[in-house]
Amino acid sequence: MSDQDGSVSFYDQVGGHPFFERLVGVFYEGIAEDPVLRPMYPEEDLGPARERMLLFLEQYWGGPTTYSERRGHPRLRMRHAPFAVNPDARDRWLAHMRRAVDAAEMPPLLEATLWDYLERAAYAMVNTFEPSGIGPVADGRTAPSMTMTARTDVPTKE
Ligand code: HEM
């Protein structure tokens, strides 16, 4: 499959479907073991979520457009709105992706391209700075660091 300008797509450069299958497979092995991220996935079986991620990444990088045929426009930030994606969740997500990318042993330029995208996308997906309350908090905090309610313990000037 070629890009619109006739050049070989990233999808084909990395090896097409088998590459993305392996990448997403290693990533979801990590998700399955993660005490913070695993409970965020609504379904008992991670298989369908794995499939959605696979189809999305394949489409994004110039492969088949099955994702949009099945799911419509990706609207990823909107689709993540029901989940508390805080910096801890983002860093855990990225750590599982990092292991998957390392396992893929890609040519450095292609790896840099993929990683740059994944890192930016993960940062863009953060939708809260409140601790999740599920599993251990990374730095041992027990209360939100940025409370959104007014403090009542400080006298106000009239
Ligand atoms: C930053 C941390 C992230 C967390 C904690 C997270 C978590 C989740 C969760 C809990 C779901 C619902 C599972 C399901 O499909 O049923 C989901 C869906 C999805 N996520 Fe993420 N995600 C993160 C970042 C990303 C990023 C960076 C991408 C893309 C590069 C992505 C792509 C997707 C896709 C394609 C779906 C399925 C959307 C759909 O069609 O419904 N996620 N994510």
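## Around the ligand

Four helices, α3 (47–60), α5 (76–80), α6 and α7 (108–125), each supply at least two residues of the shell around the ligand. The structure described here is a predicted model.

The shell counts 22 residues, and those that come nearest to the ligand are Ala-49, Arg-52, Phe-56, Trp-93 and Ala-121. Sorted by class, the residues around the ligand are 16 nonpolar, five charged and one polar.

## The chain as a whole

What kinds of secondary structure does the chain hold, helices or strands? The chain has seven helices and zero strands.

Among contacts in the chain with a separation of 6 or more, 70% are between residues 24 or more positions apart.

## Helix α2 against helix α6

Two packed helices are described by the angle between their axes and the distance between the axes. Helix α2 covers residues 17–33 and helix α6 covers residues 87–104; the two pack at an angle of about 140°, and their axes are 8 Å apart. Why is α2 called oblique to α6? Angles over 145 degrees count as roughly antiparallel and 65 to 115 as roughly perpendicular, so the angle of about 140° makes α2 oblique to α6. The crossing of these two helices is right-handed.

On the α2 side, the contact is made by Phe-19, Arg-22, Leu-23, Val-26, Phe-27, Gly-30 and Ile-31. On the α6 side, the residues are His-96, Met-97, Arg-99, Ala-100, Ala-103 and Ala-104. By class, this contact of α2 with α6 holds nine nonpolar residues, two polar and two charged.

## Helix α2 against helix α3

Helix α2 also packs with α3, at an angle of about 140° and with the axes 10 Å apart. The helices α2 and α3 are therefore oblique to each other. Where α2 passes α3, the crossing is right-handed.

Which residues of α2 meet α3? They are His-17, Phe-20, Glu-21, Val-24 and Tyr-28. Their partners in α3 are Arg-50, Met-53, Leu-54, Leu-57 and Glu-58. In the contact of α2 with α3, six residues are nonpolar, three are charged and one is polar.

Note on methods: Residues are numbered from 1 along each chain as its sequence is written. This is a predicted model: local features need pLDDT of at least 70, side-chain atom pairs count only at pLDDT 80 or more; totals for chains, interfaces and linings use all residues. Axes are lines fitted to C-alpha atoms, for helices over the stretch in contact, and angles run from 0 to 180 degrees between N-to-C directions. Angles under 35 degrees count as roughly parallel, over 145 as roughly antiparallel, 65 to 115 as roughly perpendicular and the rest as oblique. A crossing is left-handed if the near helix is turned anticlockwise from the far one by less than a right angle, and right-handed if clockwise. Two residues are in contact if their C-beta atoms, placed from the backbone, lie within 7 Å. Ala, Val, Leu, Ile, Met, Phe, Trp, Tyr, Cys and Pro count as nonpolar, Asp, Glu, Lys and Arg as charged, and the others, Gly among them, as polar. A residue is near a molecule or strand if its C-beta atom, placed from the backbone, lies within 6 Å of it.
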